[in-house]
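I opened my notebook to look up a few things in a protein model. Here is what I wrote down, entry by entry.

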Amino acid sequence: MRKKGKPNPDQRYFYLVVSLCVASGDSNYTVIAHASERIIVRASNPGQFENDMELSWQRGQLADSIYHAGRVGINTDRPDEALVVHGNMKVTGHIVQPSDARAKTNIEEVDTKEQLKNVANMRIVRYQYLPEFAKHIGLGEESSTSTGIIAQEVQTLIPDAVQGAGDILLPNGQHIENFLVVNKERIFMENVGAVKELCKVTDNLETRIDELEKVNKKLSKIKRIDSLKSTSSGSTVTSHMSTLNSSKRTSRHPYQYKHTAVKKICTEDDHLCTNHFLQGIIVILILIMAICLAAMASLYVLEYRNRHV
């Protein structure tokens, strides 16, 4: 269809597509497919079909997939992101994000000390949403109470973790300008950096404790050696004092001096004070006693004879 002798850029077309597929298990296989030529839409205003075309859902290139070009909103007619959900959402799988180093540039390591300070200054509060706002985002009374952070406070610590979501008009007519939302993934990475800094601190404390234990062991050994030296020096001093006292006493009592001299000789010459030497002395004493008894007996016999003669 031409408009003033030129092709109409707003002209819309349809395609009639027919395909024959075979289903085997969870997969579908196309046997044959045919697409017709363009079917021109006959209407006074072809632009009236524009909304229907944009809101249409199409089968994706992968199996069991649906494709939609544009933003999707659930429980909201004003989605400002690719997917906006007002209400709770259940996810049984994992939420994955691209993190390949080959797709990144300007990689720099952050200061974990600063991250630890940010986490320490972050305030965790328990709050409850306004009833009008909870109704606006699709939350019930049971889900309106939660625990988290305040966007304005986080913005002063981590500015890139907070962003504006535009103005919000609540059902009661209240208007909130530049509503703030928080990127909790960014805050989670801040916590990871804080944990790394705490690990460094604990490692340093462990090394210091080990060094202090080693120094303590060395000091205890030195104290033991000093105590042994002090006891040995004290014993030498006492022995020296005892020798001085003994010398003074010998000057007054010569017999005691001789006795101590004999003791010194016995202690210096261990072979004189052996068991054999003591046994010999005992045997000699016994013989002397036997001789004395024999002499006494002979004297007693002689005296008895002299009386009876």
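**Entry 1: a glutamine in a helix.** I started with Q155 and found that residue in helix 4, residues 151–157. Helices here are DSSP runs of H or I with at least four residues, strands are runs of E with at least two, and both are numbered from the N terminus. I noted that the model is predicted: local features need pLDDT of at least 70 and side-chain atom pairs pLDDT 80 or more, while totals for chains, interfaces and linings use all residues. Residues are numbered from 1 along each chain as its sequence is written, and side-chain values use heavy atoms, with hydrogens and water left out.

Q155 and L180 are 25 residues apart in sequence, and their C-alpha atoms are 9.5 Å apart in space.

**Entry 2: salt bridges.** How many salt bridges does a search of the whole structure find? I got 4. The term asks for a side-chain nitrogen of Lys or Arg within 4 Å of a carboxyl oxygen of Asp or Glu. Side chains of opposite charge can pair when their charged atoms come close.

I looked at D160 and R186, whose side chains meet in a salt bridge at 3.0 Å, N to O. D160 lies in the loop between helix 4 and strand 13 (162–164) and R186 in helix 5 (residues 184–252), so the pair ties together parts that are 26 residues apart in sequence. D160 is exposed at 52% relative accessible area, and R186 is partly exposed at 23%.

R186 also forms a salt bridge with E190, with the closest N and O atoms 2.5 Å apart. These two residues both lie in helix 5, 4 residues apart, or about one turn of the helix. An α-helix has 3.6 residues a turn, so residues three or four places apart point the same way. E190 counts as buried, at 2% relative accessibility.

Another pair on my page is D100 with R102, a salt bridge whose closest N and O atoms are 2.7 Å apart. D100 is partly exposed at 36%, whereas R102 is exposed at 76%.

**Entry 3: the two faces of helix 2.** Which residues are buried in helix 2, residues 112–121? I found T112, Q115 and N118. They cover an arc of only 115° around the axis, which puts them on the same side of helix 2; the arc is taken from the directions from the helix axis to the C-beta atoms. On the face turned away from that buried side I listed the exposed residues K113, K117, A120 and N121.

**Entry 4: the whole chain.** I closed with the overall numbers. The chain has 7 helices and 16 strands, and buried residues make up 12% of its 309 residues.

Methods:
Buried < 20%, exposed > 50% of the residue type's maximum accessible area, 1.4 Å probe, protein only.
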